[in-house]
Amino acid sequence: MQVAIDGPASSGKSTISKLIAKENHFVYLDTGAMYRVVTLAVLRNNISLDDHEAIEKLVQTIEIVFSMQDGKQSVFMNGEDVTDEIRSVEVTRNVSAVSALKEVRTRLVHLQQEIAENHSIIMDGRDIGTVVLPQAEIKIFLVASVEERARRRFIENQEKGIEMSYEELVEDIRRRDHIDSTRKESPLRKAEDAIEVDTTKMTIEDVVKVVTALIQKNQ
C-alpha cells in the first residue's frame with residue numbers, strides 16, 4: 001500500500017507520517033529531508049542557487065541513506081550523519097529554493113519512486129500525491145493556519161536551541177508557502193482525489209486517528 005501525505009511547511013506531515021508508519025509497519029520516507037540534504041550540500045560547497053549546472057552535477061554525487069538508530073530515524077549524506085544539521089535555520093531558509101530546481105526534483109523523485117516500488121510506504125512532501133506517487137491508494141493533504149504552523153515551529157526550535165522569533169517564523173513560512181505553491185516544477189497543490197485535513201485545532205492523536213481509519217478502510 002502507498003500512502004501520500006502532502007501539505008505546506010509545518011503542517012504536521014512528518015510527525016503524523018512517522019506515527020502512522022510505526023503503527024502500521026510501513027516504511028516511512030521523509031522526502032523533505034532529502035531536499036534538505038541537497039540544500040546542505042549546496043551551501044557547504046558555496047554554490048549559487050542560480051548555478052543549475054553545478055547543482056545538477058552535485059546532486060548526482062550525493063548518496064542519501066535513512067537509518068533507524070535507537071528508535072529514531074537518522075539521515076546520512078555520503079556516510080555522514082547530518083540529521084541535526086539539515087534542520088538548521090540556514091538550510092530551512094534555502095530549502096524551498098533548492099527544491100524548486102528541476103535538476104534536483106528529477107533526481108530525487110526518481111529515487112523516491114524506486115524505494116516505493118518495493119515497500120508498503122508512507123511518504124510525505126509537497127508533490128507526493130500529484131507527482132511522486134500519483135497512484136497511491138490514500139492521499140492526504142494536511143493544512144493549518146500560518147499562525148498555528150509558526151507556533152509549532154517556534155516550540156520545536158526552542159526545544160532544539162534554535163533562536164528564531166515567532167514573528168520571523170510567520171514571515172518565513174509565508175515566504176516558503178509562496179515559493180512552494182508558485183514554483184514551476186511540481187508546485188505544492190492538493191491532488192484531485194486527496195482528502196484535506198485541517199489540523200489547526202486538532203491534536204496529533206486526532207490526526208493519526210483520521211489517517212489510520214482511512215488506511216484500515218482501504219486494506
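Which residues is P8 in contact with, leaving aside its neighbours within four places in sequence? In this predicted model, the residues that P8 touches beyond that range are K13, R126, L142, R149, D177 and L188. P8 is located in the loop that joins β1 (2-6) to α1 (13-24). Its relative accessible area is 9%, which is under 20%, so P8 is classed as buried.

P8 also belongs to an annotated stretch. In the unreviewed UniProt entry, the annotation "binding site" covers G7, P8, A9, S10, S11, G12, K13, S14 and T15. Among them, T15 is found in helix α1. The relative accessibility of T15 is 39%; because this value falls between 20% and 50%, T15 counts as partly exposed. With a relative accessible area of 13%, S10 is buried.

The backbone of S10 was also examined. Most residues other than glycine have a negative phi. The phi of S10, in contrast, is positive, with a value near 65°. A positive phi is found at S186 too, where the angle is near 45°. S186 is placed in the loop between α8 (166-182) and β8 (195-198). The relative accessibility of S186 is 16%, and S186 therefore counts as buried, the limit being under 20%.

At the level of the whole chain, nine helices and eight strands are present. The C-alpha trace spans about 50 × 40 × 40 Å along its principal axes. Of the 219 residues in the chain, 49% are buried. Contacts in the chain with a separation of 6 or more were also considered, and 73% of these are accounted for by residues 24 or more positions apart.

The side chains include 29 that are positive and 38 that are negative. The centres of these two sets of charges lie 3 Å apart.

Methods. Residues numbered from 1 in each chain as written. Predicted model: local features only at pLDDT ≥ 70, side-chain atom pairs only at ≥ 80, totals over all residues. Heavy atoms only, no water. UniProt positions renumbered as here; feature names shortened; annotations may be inferred. Helix = DSSP H or I, 4+ residues; strand = E, 2+ residues; numbered from the N terminus. Buried < 20%, exposed > 50% of the residue type's maximum accessible area, 1.4 Å probe, protein only. Contact = heavy atoms within 4.5 Å. Lys, Arg positive; Asp, Glu negative; His and termini not counted. Charge placed at Lys NZ, Arg CZ, Asp CG, Glu CD.
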